[in-house]
Amino acid sequence: TLSESLNIVVTKDSVKFNADGQIGTGSVILKSFTDMENPNESIRIALEKPVDLSFGAKYLNDIAKAATLSSTVSLKLTDKAPALFEFKLPSGHLRYYLAPKFDDEE
C-alpha cells in the first residue's frame, strides 16, 4: 500500500489511478480500446464531464476482492457523489457504492 487514498482522474481519453504516499508514488493509466478477439479485455470510457475524485484505499481493496467473481467491472463516477462499482455475474449484478473523500476546505 503506497497511500491511504487512491485518486481517480477520468478524461475523455483515459482513466488514471494515482497513489501518493510516504514510501512512494504509483500510477496506472488506462486508455480506451476495443479488443476484437477478446471483447472482455476492452476498455470503454463514456464521459459527460471530467472527474477527479479520491477514495479510501482500504475500502477500494475490499471492493477489488469481488473481481474474482466477474470478468467485467463497470465504474460509474460523478463529481461529489458516491461511486458505483458494478460486477456482472451470471445471475445478476454485484454493486458497491463508495463515497469519495472530500477536502476539509469544501
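## Basis

The model is predicted: local features need pLDDT of at least 70, side-chain atom pairs count only at pLDDT 80 or more, and totals for chains, interfaces and linings use all residues. Residues are numbered from 1 along each chain as its sequence is written, and side-chain values use heavy atoms, with hydrogens and water left out.

## The sheet

Strands (E, at least two residues) and helices (H or I, at least four) are DSSP runs numbered from the N terminus; two strands pair if DSSP finds at least two bridges between them.

Strands β6 (residues 83-89) and β7 (residues 92-98) are antiparallel and joined by seven bridges. A hairpin of two residues connects β6 to β7. Phe85 has Tyr96 as its bridge partner in β7.

## Aromatic pairs

Rings of Phe, Tyr and Trp (its six-membered ring) pair if their centres lie within 6.5 Å; planes under 30 degrees apart count as stacked, over 60 as edge-to-face and the rest as tilted. Phe55 and Phe85 are edge-to-face, at 6.4 Å centre to centre and 80° between the planes. Phe55 lies in strand β4 (residues 51-56) and Phe85 in β6, 30 residues apart. Phe55 is buried at 0% relative accessible area, and Phe85 is buried at 6%. Buried means under 20%, exposed over 50%, and partly exposed in between (1.4 Å probe, protein chains only).

Phe87 and Tyr96 have ring centres 6.2 Å apart and planes at 90°, so this pair is edge-to-face. Phe87 is buried at 4%, whereas Tyr96 is partly exposed at 29%.

## Ser3

Ser3 sits in the segment before β1 (5-10) and is buried, with a relative accessible area of 13%. Leaving aside neighbours within four places in sequence, Ser3 is in contact with Ala19, Asp20, Gly21 and Ala57. The side chain of Ser3 reaches the backbone oxygen of Ser5 at 3.1 Å and that of Asp20 at 3.2 Å.

Definitions and conventions
Polar contact = N/O pair within 3.5 Å; in protein donor to acceptor, adjacent residues only side chain to side chain. Contact = heavy atoms within 4.5 Å.
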